[in-house]
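User: I have a chain open on the screen and want to go through it. Can you help me read it?

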Amino acid sequence: MLMSDGGGHASKRPTLMAVDPEGRISLGVRWRWGAVAALGIGLGLCAAASDAALGVAPAPAVRVVNIATNAGAIWIGAAVLAGWLLRTRLWAILAAMGTLQLAVLSYYGYGLALGDRVGVGLAGVSVDLRLWLVSATIAGLPLGLIGRLARNNTPIGLAARMFAPVAVVAEVLLRFRPSLGGFRVDPIREWTISVLAGASAVAVLVLILAEDRRRKGRLAARTP
């Protein structure tokens, strides 16, 4: 949207959020913010619900969800995705922060109301809640910027797009440490982390190949 420069001329400086002729936020931007909210709330609820179900002989699917949503790299990926959804640097940062904060609030809200923290009361989780909300706010800043950079068709943009899947592979290898023996002891855990790492590694390869194809296309277009 063009803005007046105060002298009757239109300025090409874009507004932070697209608006329609009546000054309302456009449908596309509202959809993006709705997706950000759904992402954060959904992540928090899935993590909390699967945590609560662990104490009652959970189904294999519940364990898979629990392992995945308790991986820090998944939360990192959600914040990066939220930042990617918004087009300006400021809103990308706010989206990443908001996603993580909503995830934390949803996690503790479900736990207090229906999950494994029923009867504890807000006072019983206030310290942890404040800690994670502050952490979400701090982490949201760089993760939102990474999400915004992921929109760029540059080497930095490629690195930003690879950040979340590389984080998943790193966490699986350094934190979960899969092993062949683990498939006999806890096959659900081992298969879950192996699929997470494998899918993330494939995603990195696809991103690299796509960028290489794009680069060759640009070179071919410049060749007379």
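This is a predicted model: local features need pLDDT of at least 70, side-chain atom pairs count only at pLDDT 80 or more; totals for chains, interfaces and linings use all residues.

User: How many helices and strands does the protein chain have?

Analyst: Eight helices and two strands. Helices (H or I, at least four residues) and strands (E, at least two) are DSSP runs, numbered from the N terminus. From that end the order is β-β-α-α-α-α-α-α-α-α.

User: And what share of the residues is buried?

Analyst: 33% of the 224 residues. Buried means under 20% relative accessible area, exposed over 50% and partly exposed in between, with a 1.4 Å probe and protein chains only.

User: Helix packing next. At what angle do α3 and α4 cross?

Analyst: Roughly 140°, and their axes come within 7 Å. Axes are lines fitted to C-alpha atoms, for helices over the stretch in contact, and angles run from 0 to 180 degrees between N-to-C directions. The pair is therefore oblique; angles under 35 degrees count as roughly parallel, over 145 as roughly antiparallel, 65 to 115 as roughly perpendicular and the rest as oblique.

User: Which residues make the contact?

Analyst: From α3, W75, A78, A79, A82 and G83; from α4, A92, A95, A96, T99, L100, A103 and V104. Contact means heavy atoms within 4.5 Å. Ten of these residues are nonpolar, two are polar and none is charged. Here Ala, Val, Leu, Ile, Met, Phe, Trp, Tyr, Cys and Pro count as nonpolar, Asp, Glu, Lys and Arg as charged, and the others, Gly among them, as polar.

User: What about α2 and α8?

Analyst: Helix α2 (residues 60-69) packs on helix α8 (residues 187-222) at about 50°, with the axes 10 Å apart. These two are therefore oblique as well. P60, R63, V64, I67 and A68 of α2 meet I188, R189, T192, I193 and L196 of α8. That contact divides into seven nonpolar residues, one polar and two charged.

User: Now the largest nonpolar core. Which residues touch the most other members?

Analyst: W75, L100, V104, Y108 and L143, out of 20 residues in that core. A nonpolar core is a set of buried Ala, Val, Leu, Ile, Met, Phe, Trp, Tyr and Cys residues joined through side-chain atoms within 4.5 Å. Two or more residues each come from α1 (27-53), α3 (72-85), α4 (89-113) and α5 (122-149). Helix α4 gives the most, with six residues.

User: What does V104 touch?

Analyst: Leaving aside neighbours within four places in sequence, V104 is in contact with W75, L129, W132, L133 and A136. Apart from this core lies another, of eleven residues, including A71, A167, V168 and V172.

User: Different topic. What is the phi of R177?

Analyst: Near 50°, a positive value in a residue other than glycine. Most residues other than glycine have a negative phi. R177 lies in the loop between α6 and α7 (182-185) and counts as exposed because its relative accessibility is 61%.

User: And where is T154?

Analyst: In the loop between α5 and α6 (155-176). T154 is partly exposed, at 33% relative accessibility. T154 and E211 are 57 residues apart in sequence but 8.7 Å apart in space, C-alpha to C-alpha.

Terms used
Residues are numbered from 1 along each chain as its sequence is written. Side-chain values use heavy atoms; hydrogens and water are left out.
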